[in-house]
Amino acid sequence: MIRRNIIFSIIGCFSLLMMVSCSDDFMDKTPQGSLDPSKIDASKVEELRNSIYTTISGSDVVFFAGYADNGYSRNYWDSNGALVQSNTVSGSENFGYGEWGHYGDRGNDYSSIRFCNLFIEKLRSFDEMDATQKKKYIAEARVMRAWTYMDLTLFYGDVALVDSVYNNFEDGLKRDPANEVRSWILDEYDAAFQDLPEENDPARFNKAMAMALKARAAYYFGNYAEAEEAAKYVIDNGGYSLFEVGELSEQMQKDADFFKQLIDFDAYGIDEESFLKGIFNYQNIWNVDYNSEAIISKEYDANEEYGDFNRVTSFLAPNLSSKEAWATIAPIQDLVDAYWEVNGQDAPTLGSVDSRIEAYKALREEISALQAGPDNDPEQVEDNISFSDAVAQVIDQLPAKDYMQQFKNRDSRLYASIVFPYSAVNTLVEDKYFEYIHSINNYGQTGFVFRKMSGGDDLVSVWSDAYYMSGSDFHVVRLAEMLLIYAEAHTQTTGYDGSVTAELNKLRARCGMPNVPAGLAKDEAINFIRRERRIELAGEGLRYFDIRLYEDPSRNGGVKGTEAASVVMQGQSYDPVGNKSANKVWDDRLMLMPIPTTSRDKNPLLDQNPGY
């Protein structure tokens, strides 16, 4: 079976996209003469086709971790996350209506929709093209338009549905009901599917891509029957397989030697080799372009113009990079605590917040004393040693330290996903252990940074040699998500049976974890799958939408469960020394984001969402 992953390039015709979609909502007129058929030739069509894909989000989706209970983004100029997380968001922000303003923002979704509408209409009247090819190009634009509308309706609920080039809204434009827009989106994916090939040109939508996006949309719309069917199509027909590494590199092996000290393999019946290899099977998904698991990816090039700024600067702390790194979006303790015990089905037994803070301080004092040298005087630098050299002196005793107990015997994906204090970090910077410096804001203010999705093996220095850009692709939709959608959707429609556990156990085998439990009742199974989803997809931009789906009785299949927004968005999170990080405050108004004030000023028929 041929794997058909599609990698969408950020290298496109930005000037063309701006030319035909420069306004920020449908209240503005389309530039006259845009896409004039008399001026289009085959070459121009290809350029315009490329531009359809330029608005797909890449690594910026990681900032959505800070919109929920997985991360924290402390700077308002970087992301709206802390405003959403703390229930202080207002109509001053936008989530797809206005122009790009933050690393974590969506761009102007309506500009993308406008462009797709123009492309579809003008291409239909372009005669210098084979009919089948024309249908395929139009289908690609319909998939992109449906995807964009999916995000809009998930953020705002009711949104204006405009599927043709029409701009005479002199009195304004009303929002269409969310249920109608969502039904239209699913129909669009089905229609596009009919005209797309099984194998398309490189970096272009095909049938499996359309069904993967339909599976995501139907899942979030609470249409579990269609979600199950679409996900199963991708699983059975897409040609994808879960990614695994070959031999461990020298740096991987050094980290593996650290992690194996934290696992009581014999006590839990865990295969050591499979578990340790599983860490890197999972971690390296984001370090290998065009890999077997990637369904839709954002492609980056390792250069100043088209590189990925986030992989180092936004995700890592200063001591994990020789260039600028700010840990602008960082995982929080809540996410660390969510990972299973190593048996793969129980929540970990954890000490209180206060006890873990005291344990951290005690361990930090011990390491500081070692750093000070035999004279125990940090001011006398002659015999001082580095933090990493001090940790190395007690590395054999480290797993027994009170603070480290929370990291013992845990899901392999914790070790693959999150750098925690005192952890080895050889795959990021060799022969070091991670030191959290709480007094410096650029360490993220949570105590942790992302290991998955960070770094890259093709970094280039840019901007006067002060920053790194990565050319590593960011995978926006991957096979693991399809397995999880199928698992929950089938449990909703039919029950938690062998077909569900078979798909979930593929994920477990890849990361060297035990099989999932069998024989769970429906509600128990759904809670289990949703937590597994949180762990597997942590930081990938979906948790914000997930917890709102579970909260909504019209979409959650009758199971609010343990992962719903009102359950998990409660309370203050702290870093290891007790400083405040994410403040999670839930209010029902946060089910939807506010319609931006600037858009309502232009369109008097835009009513506001409740609570704003």
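Reply:
**Around threonine 491**

Leaving out residues up to four places away in sequence, threonine 491 touches Tyr496, Val500, Lys522, Ala525, Ile526 and Ile529 (contact means heavy atoms within 4.5 Å). The model is predicted, so local features need pLDDT of at least 70 and side-chain atom pairs count only at pLDDT 80 or more, while totals for chains, interfaces and linings use all residues. Residues are numbered from 1 along each chain as its sequence is written, and side-chain values use heavy atoms, with hydrogens and water left out.

Threonine 491 lies in helix 17. Helices (H or I, at least four residues) and strands (E, at least two) are DSSP runs, numbered from the N terminus. Threonine 491 counts as buried because its relative accessibility is 1%; buried means under 20% relative accessible area, exposed means over 50%, and partly exposed is in between, with a 1.4 Å probe and protein chains only.

Helix 17 also has a helix partner. Two packed helices are described by the angle between their axes and the distance between the axes. Helix 17 (residues 479-493) packs with helix 7 (residues 207-221) at an angle of about 45°, and their axes are 10 Å apart. Axes here are lines fitted to C-alpha atoms, for helices over the stretch in contact, and angles run from 0 to 180 degrees between N-to-C directions. That angle makes helix 7 oblique to helix 17: angles under 35 degrees count as roughly parallel, over 145 as roughly antiparallel, 65 to 115 as roughly perpendicular, and the rest as oblique. The crossing of helix 7 and helix 17 is left-handed, a term used if the near helix is turned anticlockwise from the far one by less than a right angle, whereas clockwise is right-handed. Helix 7 contributes Ala212, Ala215, Arg216 and Tyr219 to the contact, and helix 17 contributes Glu481, Met482, Ile485 and Glu488. The residues of this contact between helix 7 and helix 17 divide into five nonpolar, no polar and three charged. Nonpolar covers Ala, Val, Leu, Ile, Met, Phe, Trp, Tyr, Cys and Pro; charged covers Asp, Glu, Lys and Arg; the others, Gly among them, are polar.

Helix 5 (residues 131-156) and helix 6 (residues 178-195) pack at an angle of about 155°, with 9 Å between their axes. Helix 5 is therefore roughly antiparallel to helix 6. The crossing of helix 5 and helix 6 is left-handed. Residues of helix 5 that meet helix 6 include Ala139, Val143, Trp147 and Met150, and those on the helix 6 side include Val181, Trp184, Ile185 and Tyr189. The contact of helix 5 with helix 6 has 14 nonpolar residues, one polar and seven charged.

The C-alpha atoms of valine 500 and glutamate 250 are 250 residues apart along the chain and separated by 37 Å. Glutamate 250 is found in helix 9 (residues 250-259), and glutamate 250 counts as exposed because its relative accessibility is 53%.

Arginine 124 gives a second pair. Arginine 124 sits in helix 4 (residues 109-124). Arginine 124 and lysine 134 are ten residues apart in sequence and 7.5 Å apart in space, C-alpha to C-alpha. Beyond its neighbours within four places in sequence, arginine 124 is in contact with Lys134 and Ile138. Arginine 124 is exposed, with a relative accessible area of 52%.

Backbone angles come last. Most residues other than glycine have a negative phi. Tyrosine 422 has a positive phi, near 75°. Tyrosine 422 is found in the loop between strand 5 (418-419) and strand 6 (449-450), and tyrosine 422 is buried, with a relative accessible area of 1%. Asparagine 376 also has a positive phi, near 55°. The place of asparagine 376 is in the loop between helix 14 (353-372) and helix 15 (387-393), and asparagine 376 counts as exposed at 53% relative accessibility.
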